[in-house]
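Thanks, everyone, for making the time this morning.

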Amino acid sequence: NEVHMGDNSTPTADNFNVQMSYNQTFVDAVRSTGGKNAYRNLIIQAFNTNIDQAVSYLKVSKDKVASRLMVEVHYYDPWQFCGMDKDESWGKYAVFWGADYHQYATGDLAGRAATWGEEDYVKPQLAKMKTNFVDKGYPVILGEFAPTRRVLTGDALTHHLDSRAYYLKYVTEQAKNCGIIPFYWDNGGITGLSSGIFNRSTHEVFDTKALNGLVQGAAAGKYPF
């Protein structure tokens, strides 16, 4: 899962070749066991499950069964909003995402709005997967996407959760519009810096806003087939 360079350096041709070889070995190994494995759907990942690297380097594995392979990428853009937990030399973590939520990045949260990867970035980024895979007959899943829930209080928390819900709605809707099947990353956590929707101890919904965002996005999006 998410095969990548451990030090985040630029992957080489050898890195991609190894990943493609791994994908092909996986397909061949599953098919060789027979039974339902002889025809079940199989999912292959792009290097680092990254959209741009998928478009540039992913070679869909060969399969003896027609129309049974799917491609997987993940979506955590911008990372400053989705997963970054502290400021780094290359950027600051963000609390708000979306044009309508920049107004809340004031006071102690000044400068905590996303500076890239917002609405105008999502559509063309996901459209790349449609053009390069969906339109060529390879179903695509967005195997993970979720922004981290920040530790805040009062109005700041309210606006942050609204911004997260909007992100989830928007990405879900645009994924469907591009023929991509979105899967939210519920990591089970319901404390700070987590993305759990359900309380797995009580079996109740914990993050209603996030759930509603996903449902609304799913209703608004329309698969192009």
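Glu 2 is partly exposed, with a relative accessible area of 23%, where buried means under 20% relative accessible area, exposed means over 50%, and partly exposed lies in between, all with a 1.4 Å probe and the protein chains only. Glu 2 sits in the segment before H1, and its phi is near 50 degrees, a positive value in a residue other than glycine. Before I go further, please keep in mind that this is a predicted model, in which local features need pLDDT of at least 70 and side-chain atom pairs count only at pLDDT 80 or more, while totals for chains, interfaces and linings use all residues. Residues are numbered from 1 along each chain as its sequence is written, and side-chain values use heavy atoms, with hydrogens and water left out.

Thr 49 also has a positive phi in a residue other than glycine, here near 45 degrees. This residue lies in the loop between E1 and helix H2 (51-57), and, at 2% relative accessibility, Thr 49 counts as buried. Another backbone detail is the peptide bond from Asp 77 to Pro 78, which is cis, with omega near -10 degrees; Pro 78 belongs to the loop between strand E2 (69-75) and helix H3 (79-82).

Let me turn to the overall fold. There are six helices and six strands in the protein, where helices (H or I, at least four residues) and strands (E, at least two) are DSSP runs numbered from the N terminus. Along the sequence these elements follow the pattern α-β-α-β-α-α-β-α-β-β-β-α. The radius of gyration is 19 Å, close to the 17 Å that the globule rule gives for 225 residues, so the protein is as compact as a globular protein of that length; the radius is taken over C-alpha atoms, and the rule is 2.2 Å times the number of residues to the power 0.38. The C-alpha trace spans about 60 × 40 × 35 Å along its principal axes.

What is in the interior? Of the 225 residues, 43% count as buried. The largest nonpolar core has 39 residues, of which Tyr 75, Leu 126, Met 129 and Leu 142 touch the most other members; such a core is a set of buried Ala, Val, Leu, Ile, Met, Phe, Trp, Tyr and Cys residues joined through side-chain atoms within 4.5 Å. Helix H5 (residues 154-177) gives the most to this core, with five residues. A second, separate core of six residues includes Tyr 101, Ala 105, Leu 109 and Ala 113.

Which residues does Leu 126 touch, not counting those up to four places away in sequence? With contact meaning heavy atoms within 4.5 Å, its partners include Ile 51, Tyr 75, Leu 142, Val 171 and Gln 174. Gln 174 is itself placed in helix H5 and is buried, with a relative accessible area of 8%. Leaving aside neighbours within four places in sequence, Gln 174 is in contact with Val 122, Lys 123 and Leu 126.

Tyr 39 is partly exposed, with a relative accessible area of 42%, and, with residues up to four places away not counted, touches Arg 31, Val 65 and Arg 68.
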